[in-house]
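Dear colleague,

Please find below the structure that I am handing over to you. My notes on what was found in it follow directly after.

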Amino acid sequence: SARANYANGLYTIEELYLRRQQQWLDLTGILDTASSDYRISLIGSAVPQDYSSFLPNWWVGIFDDVDFSRTNYNHCDFVIYGNTQQKSFDLYYGHAKANKFSYKGAAFEEAELTLRGRGSYCELHKLNARSDQGWIRGDIAFASKRSKVKGPISIRLDMEAQLALTDMAKLFKRDIATIFSEFETTSLPKIQLEAAIFNKAYPEYTGKSYFDISVDLDQPLTYKEVPLDHLSFNLFGRSEVTHLRDVQIGYADGQATAMIDIFMPVEAKNSLRYKLTLEDANQNKALRDLPQLDNIEDSLKSTRPSKTAKLSREDGRIDLNIQGQGPTEDPFKHKGFGYFEIRNDKLGTIQLLGPLSIILQNTQLSFTSLNLNNMRGDFFYRDDLVTFDPLRIEGERTQVDMPGTLCLSDQALNMNVKVKLFGNAVKPGSNLRKIGEIITKPIPNLLQFQLTGTLKDQRFRSIYDPRNLIPKL
């Protein structure tokens, strides 16, 4: 139905009601024939894609990824100002609400927003959408220009959300989606996002896109199969580099902080620069839960009694500080340095020294009797070779120094081991220290060893061994 009139150069639509299946529109409007200016007010329930032929290309592009096939209710209320000589609206403002729709495959139960714009600028203001498990709200702005390109020049986002990571990965473009897809959790993280994404069809804006993301999750999750107790970070993504800052991680019952730079040059392979500090983590979990250490972990298991070792490692705590850089896809091509410390009252039962532990296990010099409870060392690494210097295992009385190297690719060892029975017993120069030196002086070489072989097949040989003193023996 319709009712209109014309007077004094003005066309006035007093009532225009349109219906198409479940969709309907109720319009009023006025057109000034002298200036070609118009104003339209409308209330209705409609699917935007069904009216694409009446709308500019950039407007159609906004709704390309919206699926209203499940919708049983939507409502809009708009006022539009424009001129018939121009393809873009001068000004439009309104409110829209819908239920049971999806955007890029992410399903939402309901959403509402204020839609406002001028010319080729459009803004989804105060967007508030709710899914079964979470929510997302904020502002999305589209800037466009008259061209044959379908879609806007840029999309700017200022959002906050608490959604399933699978839905977050669906909502955003490749770079942002990749970040979310590498995490797994049944909980809903809190996410803040600010971004500007430019259309690749406009080469003049190449390199201008960016995104800043803050994530906070105080529940367990996994990242690339590594279990974490909690996680929070700030991420700053630019065209050829991504910066991770203020990284706070709960790992193996300990606390870790980190900062990471990911370099993505156009004409070279991606690379990393990183710094990580882990404090007071569970020794057993820290080694067990890193897939990158599976081979080393299996080799260490073969050198110690299973039941005793398991109990011992569960009691241990570990600190780690590491700083390095290298290619993203090949950890054996990195270089860097660091420090670690293990605190464990039963360190001697873990067979960390393999055959040497077994050799001394049934003697008065067994590592169990020496009460070794601390292992610490500095290390630096280049490619697959890790150099420890110093590396010390000690207790209240005894020190075991074992500087040397470990090759990560084949687990080859090359270390010098020196046992000081009374190294920590008393202060240097004391009478008890002198007595200890007198007792151990006749057998210093018996307590110095060369460690070779691999983690799985360790070979200890006393420096006093004639085979080390006489060539070819």
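The protein chain contains ten helices and 29 strands; helices (H or I, at least four residues) and strands (E, at least two) are DSSP runs, numbered from the N terminus. Please note that this is a predicted model, in which local features need pLDDT of at least 70 and side-chain atom pairs count only at pLDDT 80 or more, while totals for chains, interfaces and linings use all residues. Residues are numbered from 1 along each chain as its sequence is written, and side-chain values use heavy atoms, with hydrogens and water left out.

The chain as a whole

Of the 473 residues in the protein chain, 42% are buried; buried means under 20% relative accessible area, exposed over 50%, and partly exposed in between (1.4 Å probe, protein chains only). The accessible surface of the protein chain is about 26500 Å², and carbon and sulfur atoms account for 53% of that surface. These areas come from the Shrake-Rupley method with a 1.4 Å probe; for residues, only the protein chains shown count as cover. Among the contacts (heavy atoms within 4.5 Å) with a separation of 6 or more, 49% are between residues 24 or more positions apart.

A three-stranded sheet

Strands S12, S15 and S16 form an open sheet in the order S12-S15-S16, with antiparallel pairing. Strand S12 (183-184) and strand S16 (226-228) each have a single partner strand and stand at the edges, so one side of each is left without a neighbour in the sheet. Two strands pair if DSSP finds at least two bridges between them; strand S15 (residues 221-223) is joined to S16 by three bridges. Within this antiparallel pair, Leu221 stands opposite Leu228 in S16.

The loop between S10 and S11

Ser144 is placed in the loop between strand S10 (135-143) and strand S11 (154-162). Ser144 counts as buried because its relative accessibility is 13%. The C-alpha atoms of Ser144 and Ile155 are 9.2 Å apart in space, and the two residues are eleven apart in sequence.

Salt bridges

How many salt bridges does a search of the whole structure find? The search finds 20, a salt bridge being a side-chain nitrogen of Lys or Arg within 4 Å of a carboxyl oxygen of Asp or Glu.

One of them joins the side chains of Lys145 and Glu204 (3.6 Å, N to O). This pair links distant parts of the chain, 59 residues apart: Lys145 is in the loop between S10 and S11, and Glu204 is in the loop between strand S13 (190-198) and strand S14 (210-217). Lys145 is partly exposed at 37% relative accessibility, and Glu204 is partly exposed at 45%.

A salt bridge also forms between Asp261 and Arg273, whose closest N and O atoms are 2.8 Å apart. Since Asp261 lies in strand S19 (residues 254-263) and Arg273 in strand S20 (residues 271-282), the pair ties together parts that are twelve residues apart in sequence. Asp261 is buried at 3% relative accessibility, whereas Arg273 is partly exposed at 39%.

Arg317 and Asp280 form a further salt bridge, with the closest N and O atoms 3.3 Å apart. Here too distant parts of the chain are linked, 37 residues apart, with Arg317 in strand S21 (residues 317-327) and Asp280 in strand S20. Salt bridges that share partners join Asp280, Arg317, Asp319, Glu341 and Arg343 into one network.

Yours sincerely
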